[in-house]
Amino acid sequence: MLDKTQKNWWQSAVAYQIYPKSFQDTTGSGTGDLQGIIRRLDYLQTLGVDVLWLSPVFASPQVDNGYDISDYQAIDPMYGSLEDMRALIAAGKERGVGIMLDLVLNHSSDQHRWFREARKSRDNPFHDYYVWRDGAEDRPPNDMRACFGGSAWTWVPQVGQYYFHQFAPQQPDLNWENPRVRREIYDMILWWMDQGVEGFRLDVIDQIAKEPDRFITGNGPRLHEFLRELSAETFQKGCLVTVGEAWGADLERAKLYSAPDGSELSMVFQFEHINLDHQPGGEKWDLAPLDFKALKKCLAKWQTGLHGCGWNSLFLNNHDLPRTVSRWGDDGACRVVSAKLLATMLHGMEGMPYIYQGEELGMTNISLPIGEYRDLESLNMYEERKAAGCPEAEIMASLYARSRDNARTPMQWDTSAHGGFTEGTPWLTENPNYREINAADQVADPDSVFHYYRRLIALRKTYPVFVHGDFTLLEPDHPNLFVYRRRLDGQALLVICNYGGGETAWSVPEDWTHARCLIANYPDQIPGRLRPWEARILLREEKE
Ligand code: GLC
């Protein structure tokens, strides 16, 4: 177990993201719950993770699956109660698994008490908790668009004003310019810290300092000032791990966010690598093939760029992204080896790895009839593109490839009905491949994707070079080989990945021929060539 009283304990930690709605149902309601997470703690302990990031479980009307919070200090009854949360925190601590809550601080639900008050009158004490502008009905202050489609402004006749929302109209943006809003947020966070949570993920945190009159959403001028105040008032009073979601982060900003003095956050999720397979200038729905060379150059840039002056988060999956094995691997005949290659590539690097539920099984995307999609963003895109005359087949191809519901199908526990997720009717259709891809089979099979992840996690805990080693990209111009070296205090790692379904002629450099193989996704090695999706990590002692 990690000693979590040590500052920076999280640098050696591995996180696991749970999407509670789809993890484990214990009541037959068809949605997962907190007791379900408690039931599966042994599984997570076997995997070896240290932190569980839970997508929001707070009280919410669920317009955006909990990313619309109506009470930050209550658990949504669908998931259980505050008592269940306390029980989960306690049971987790016994196993060395801490709880990381997902705070949505950019906006609340329109059903939050603050907003219900705010919309009553302009002189209501809560009015200024949100971002309002004058205008006339049918004439919004400007033409800014919301991320989920439509205008970013919604008219409220009672006050004769528009409020600003970067997401759905039911997700009004909070006004961070108002010090009372910030104080309410800090007090709420301190209260959760008292409950024993060990970390926070901060939803779209780069969007809090918006200035809609200047068309600014991300990276507003006061962003880092707000973050430093937030951190000093809350996180720095404990020994927490914090990660901000920052779609707009570049390397320079990431250095501020993750400065080693802890003045802001521990790290951010940046998405430069995730954005590599859209058409230039297009949205994520506008598919383009992945340029693997660009991917490895991007990852290498972040590795060397933050070494010694910041911290990376390492991820390929989350609840908003398609399953990587379907996206960048091969979810057909080479599913197992390609899932292991993607894991090797990521877990060999410096930073905090985040595993998204089911990734450790190599779970795949799903193709649903339109009536079975549940995600608001997907449904809005379908309607918008339909209305714009886009062919049905093209829209569906985008959904199959990129819909957020790909990641949100129920966790596949075993071969029983609905993959063991629920005894009721699941809120989102399960992937029928649970009969072949499920946790029970993989826990029993030492060659499974599950055990490969377990071993990668164990390696990080055994060899400090995984945690703190420097990074050098080898073969930078090779189109499908991703080879890199890590070095620390007389130990070196060589991470070798042959990306794609073809063979590649390649020999291990001479000075590595006697190195020890720590992990590999093929049982043997063939001199002079690498097989489809072959990956391995070598360790060498470098005695001077
Ligand atoms: C983040 C979340 C996403 C949510 C959005 C609005 O991007 O990850 O799921 O819809 O913020 O809160």
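**View 1. The salt bridge between domain 1 and domain 3.** In this predicted model, the rule picks out one salt bridge across the interface of domain 1 and domain 3. Zoom in on K297 and D477: their side chains pair up in a salt bridge, with 3.2 Å from N to O.

View 2. Looking at polar contacts across the interface of domain 1 and domain 3, you get 10 residue pairs, with both partners at pLDDT 80 or more.

**View 3. What gets buried between domain 1 and domain 3.** Together, domain 1 and domain 3 bury about 2,500 Å², and carbon and sulfur atoms account for 68% of it. Which residues of domain 1 lose the most area to domain 3? They're F292, K296 and L341, and together they make up 25% of what the domain 1 side buries.

**View 4. Stepping back to the domains.** The chain splits into domain 1 (9-106 + 179-455), domain 2 (113-164) and domain 3 (463-541). Domain 1 puts 30 residues into its contact with domain 3, and domain 3 puts in 31 residues.

Key: Residues numbered from 1 in each chain as written. Predicted model: local features only at pLDDT ≥ 70, side-chain atom pairs only at ≥ 80, totals over all residues. Heavy atoms only, no water. Domains from an automatic or database assignment. Contact = heavy atoms within 4.5 Å. Buried area = accessible area lost by both parts, 1.4 Å probe. Salt bridge = Lys/Arg side-chain N within 4 Å of Asp/Glu carboxyl O. Polar contact = N/O pair within 3.5 Å; in protein donor to acceptor, adjacent residues only side chain to side chain.
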